[in-house]
Amino acid sequence: MSRTLEAPTLDLRDVADVDRALPAHRRALIALQVWTARHARSIALLVPLLVLVGAVHAVGMSTFPGYVDDPGTYLSQAWSLRYEGQLSPYSYFYDHAPGGWIQIAAWAALTDGFDRYDSAIAFGNECMLIARVVSAGLLFALARRLGLGRVAASVAVLLFGLSPLAVVYGRWTFLDNLVTPWLLLAFVLAYAPRRSLAAGIGAALAFATAALTKETTLLLLPAFGWALLQNLDRRNRPQVLVTAGFAGFLLMAMYPLLALFKGELFEGPGHNSLLGTARWQLADRAASGSVLDPDSATSHQLHNWLQYDHWLPLLGLAALPVALLVRRLRPAALALAIGWLVLVRGGYVPFMYVINLLPWSALLVAGAGAALAGTPGLVPTGRLRRRAAEGFGYGFRIATAVILLVGLTGVATVSWAPELRGMMTVSQEQPLRSATKWLARNVPRDKTLVVHDSIWTDLVQHYGYDPQPIIAYKLDTDPAVRAAVKRIDYLVVPDWYYRTADAAEKYPTLMEARKHAVPVAAFGTGDDRVQVLRVSDRWELPS
């Protein structure tokens, strides 16, 4: 008599019970192993890319480029938060939300960052390197979630990581460089495959963090909202939108609530205000003009950007029409279009604004190339969609891909390689750093110094000047500083500070002090020359 053996059945409830019985760290390890196995090919491709991008950024970042305004201000504010528990060593002006230097201060607290380097700028360089590598990884992830293949996603990373324009502006400690990873993370989570409530909330919180890092991120809210809507599941769309929107709003509301708590939300006599500064930023600040006006400051700024690299910005602009025809690329295309429209509208355009254009340009160039090569899921609409339905043809797709790759290789070899070689090997003179060392050797610590923001933190942290030096532009813009200063002993700022068109109006006390000062040391040449000027003992500050 024969017996039939039945295969045992697998009860999923038993599997779940076993899974719950495992320790939390064991479940996390298993989940990580599964995720790594699923993405092994992408990881194997991405890791060398990140090493390359990180190496190009890191090699030479301490010697190129030179010091500019703003990085020193953010680092001094991070130092003040780290060691004094205040958002600024001076009266907080609300010119930017504090999220950026809060991140820098947090990293400094975790790693003892300001003490590990002999210069605050060097610590800022480290922060920018981390932001650049993280941004490159998130750009790859976003490209993959938009439907780009691994090769196209790698092209986006290489464009973003190797453009000389991206390298030089990525090395400066600008808030925009800290915005980029948070903004890319917001889009990555918005396109999460599971379309879960948690992903939606995470996307909104990441976008809110980007906005708290620099408030100009809010200009891209339409593009982010479109991306979120495009990927939502109809079954939970209302819940995700309401919950994510509420979470993002609550996080961003912390900024005006801070101002309200300090009694500085509304304009009033004797204090800074959030709304007053916003009005100045939006209405009263001198406009840079439209990029369409060849004589405008914006047009000259664009020319300066393109001197480093004209390929990535212009290729991104050229890719816009194709990207707008591809459904999955439209939110990213809108983000880039908004960026360019800001240059056209005629408002104020800051020196570092180009940083906001670069990741979207890289993504759209790779995405448009993938669409033209017939990548599934990136088929354009209209006539190109009908042509795709008939089949572009294997030969056409291969030819398109080869042309694009050869063209990009030629750009990297002929145009970018010489620029990058200089950035990685040339040691650009740093007159402000030389002036700092001279001050430490020759000027007593109890003297009152008026200095460029880039060296303020070093003079306080490493050389112990007390009273603390005064950042030059704060001398005339912060009433509390002006009221506290009784005399000035030394001036240490680049020569261009005195030669700006409205210097007499912006820095009247500084300009008057200079008339009563004599040079005792000088470093560098041209407008970047830094003179250490000793102010006469007989001169008194005007009341």
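The structure, a predicted model, holds five cavities of 30 Å³ or more. A cavity here is a set of points, on a 1 Å grid over the protein atoms alone, where a 1.4 Å probe fits but cannot get out, and its lining residues have an atom within 4 Å of a point; a volume is the space filled by probe spheres set on the points, which are joined across faces, edges and corners. Because the model is predicted, local features need pLDDT of at least 70 and side-chain atom pairs count only at pLDDT 80 or more, whereas totals for chains, interfaces and linings use all residues. Residues are numbered from 1 along each chain as its sequence is written, and side-chain values use heavy atoms, with hydrogens and water left out.

The largest cavity is lined by residues that include Val-179, Leu-183, Thr-216, Leu-220, Ile-338, Val-342 and Asn-356. Helix H10 (175-190) and helix H17 (330-345) are the elements that give two or more residues to this lining, and H17 contributes the largest share, four residues; helices are DSSP runs (H or I, at least four residues) and strands likewise (E, at least two), numbered from the N terminus.

Of the 13 residues that line the second largest cavity, Arg-132, Phe-160, Asn-177, Thr-180 and Ile-355 are the closest to its centre. Two or more lining residues come from each of helix H7 (120-145), helix H9 (164-171), H10 and helix H18 (358-372), with the largest share, four residues, given by H7.

| Cavity | Volume | Lining by class |
|---|---|---|
| Largest | About 130 Å³ | eight nonpolar, four polar and no charged residues |

Leu-449, in strand E1 (residues 449-451), is buried with a relative accessible area of 0%, where buried means under 20%, exposed over 50% and partly exposed in between (1.4 Å probe, protein chains only). Not counting residues up to four places away in sequence, Leu-449 touches Leu-439, Val-443, Leu-459, Tyr-465, Pro-469, Ile-470 and Tyr-490, contact being heavy atoms within 4.5 Å. The C-alpha atoms of Leu-449 and Asn-231, which are 218 residues apart along the chain, are separated by 56 Å.

Ser-299 lies in helix H15 (residues 297-308) and counts as buried at 16% relative accessibility. Leaving aside neighbours within four places in sequence, Ser-299 is in contact with Ser-290, Val-291, Asp-293 and Pro-294.

Conventions: On a 1 Å grid over the protein atoms alone, a cavity is a set of points where a 1.4 Å probe fits but cannot get out, and a pocket is an open set with protein on both sides within 12 Å along at least five of seven lines; lining residues have an atom within 4 Å of a point. Ala, Val, Leu, Ile, Met, Phe, Trp, Tyr, Cys and Pro count as nonpolar, Asp, Glu, Lys and Arg as charged, and the others, Gly among them, as polar.
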